[in-house]
Amino acid sequence: MDRLELAEKLRHIAGNDSVIADAETMRPYECDGLSMYCEMPMLVVLPSTTRQVQDIMRLCHQHDIPVVARGAGTGLCAGAMPHPEGVLLSLAKFTQIREICAHTRSARVQPGVRNLAISDAVKPYGLYYGPDPSSQIACTIGGNVAENSGGVHCLKYGLTVHNILSVEMVMVDGELVTIGSDGLDCGGMDLLALITGSEGLLGVVTEVR
Ligand SMILES: Cc1cc2nc3c(=O)[nH]c(=O)nc-3n(C[C@H](O)[C@H](O)[C@H](O)COP(=O)(O)OP(=O)(O)OC[C@H]3O[C@@H](n4cnc5c(N)ncnc54)[C@H](O)[C@@H]3O)c2cc1C
């Protein structure tokens, strides 16, 4: 599939305003915090629903087109650097905190929610979110999961992997799966630990508890 055709199909999935195809507007996506490595993507797409992420992944999978997920782009290892023949999938529109449960001290959030925004939201309950990368004012929870991020609080509270119960994820072929559970432990292999720190290589995280 050529670039124009792909752009048309992505617009059909995510809407006209959610696909960026011109070089000037795509420029901010050419690198993450490791700016010595830059690459322009073929296209940038900003879906706003999990269903759209599924459709994008399915389409790209069918046509063998690489997809790179991106949170806030603060990563320091070029994990969000685009593929020149691929789609850069930004989670910038996934910014809802869907549920806060002070009783279980948990929250259900979309991946584009900033790390610090979670602590701000639960402050009225006398709570905060443990892992605190220095970039917490900007970095997203989706990026934190992909990088297993942490900060000074992690000496006491552990890394991201120790602070999440489950993730909803769109796999490479568009399948939607939930890994982990609402409980503190769940049966079977610890796939949540496999996902955490996998740098976006195993799928796109669309919700985190
Ligand atoms: C000033 C500064 C200070 C920092 N301090 C720390 C620190 O103290 N501790 C620390 O651990 N890190 C730190 N970092 C690194 C960085 O902020 C973290 O790795 C952070 O978790 C990245 O989040 P992001 O939203 O910016 O992700 P991005 O940079 O956008 O992406 C990072 C990786 O996650 C993947 N990804 C993003 N969203 C998703 C998703 N929804 N699903 C699947 N994969 C996804 C991307 O493909 C990429 O591989 C710092 C960075 C800066 C610039």
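Predicted model: local features only at pLDDT ≥ 70, side-chain atom pairs only at ≥ 80, totals over all residues.
1. **Residues around the ligand.** The ligand is surrounded by 29 residues, and the closest are Ala69, Thr74, Ser135, Thr140 and Gly150. By type, this shell divides into eleven nonpolar, 15 polar and three charged residues.

2. **Elements that supply the shell.** Strand S3 (67-70), helix H5 (141-147) and strand S9 (204-208) each contribute at least two residues to the shell around the ligand. The largest share is that of H5, with five residues.

3. An oxygen atom of the ligand lies 2.6 Å from an N or O atom in the side chain of Thr140. Backbone atoms also take part: an oxygen atom of the ligand is 2.9 Å from a polar backbone atom of Ala72, and an oxygen atom of the ligand is 3.2 Å from a polar backbone atom of Gly79. The ligand taken alone exposes 970 Å², of which the protein buries 83%.

4. **The four-stranded sheet.** An open sheet is formed by four strands in the order S1-S2-S4-S3, with mixed pairing. Its edge strands are S1 (19-20) and S3, each of which pairs on one side only. Strands of a sheet pair through backbone hydrogen bonds, in either a parallel or an antiparallel sense. For S3 and strand S4 (residues 87-90), the sense is parallel and the pairing extends over four bridges. Arg70 stands opposite Ser90 in S4. The edge strand S3 is also one of the elements that supply the ligand shell.

5. **Helices across the sheet.** Which strands does helix H1 (residues 3-14) lie across? Helix H1 lies across S1, strand S2 (43-45) and S4, and runs at about 5° to S2. Helix H3 (residues 50-62) lies across S2, S3 and S4, and runs at about 165° to S4.

6. **The hairpin of S5 and S6.** Strand S5 (residues 97-101) pairs with strand S6 (residues 106-109) in the antiparallel sense, over four bridges. Ile97 stands opposite Val109 in S6. This hairpin has four residues between the strands, and Arg105 takes a positive phi near 50°.

7. **The hairpin of S7 and S8.** Strand S7 (residues 166-170) and strand S8 (residues 176-180) are likewise paired in the antiparallel sense, here over five bridges. The bridge partner of Glu168 is Thr178 in S8. Five residues lie between S7 and S8 in this hairpin, and Gly174 in the turn has a positive phi of about 100°.

Technical notes:
Residues numbered from 1 in each chain as written. Heavy atoms only, no water. Near = heavy atom within 4 Å. Polar contact = N/O pair within 3.5 Å; in protein donor to acceptor, adjacent residues only side chain to side chain. Areas by Shrake-Rupley, 256 points an atom, 1.4 Å probe, with all protein chains shown as cover. Nonpolar A, V, L, I, M, F, W, Y, C, P; charged D, E, K, R; others polar. Pairing = 2+ DSSP bridges. Contact = heavy atoms within 4.5 Å. Axes fitted to C-alpha atoms, helices over the stretch in contact; angles between N-to-C directions.
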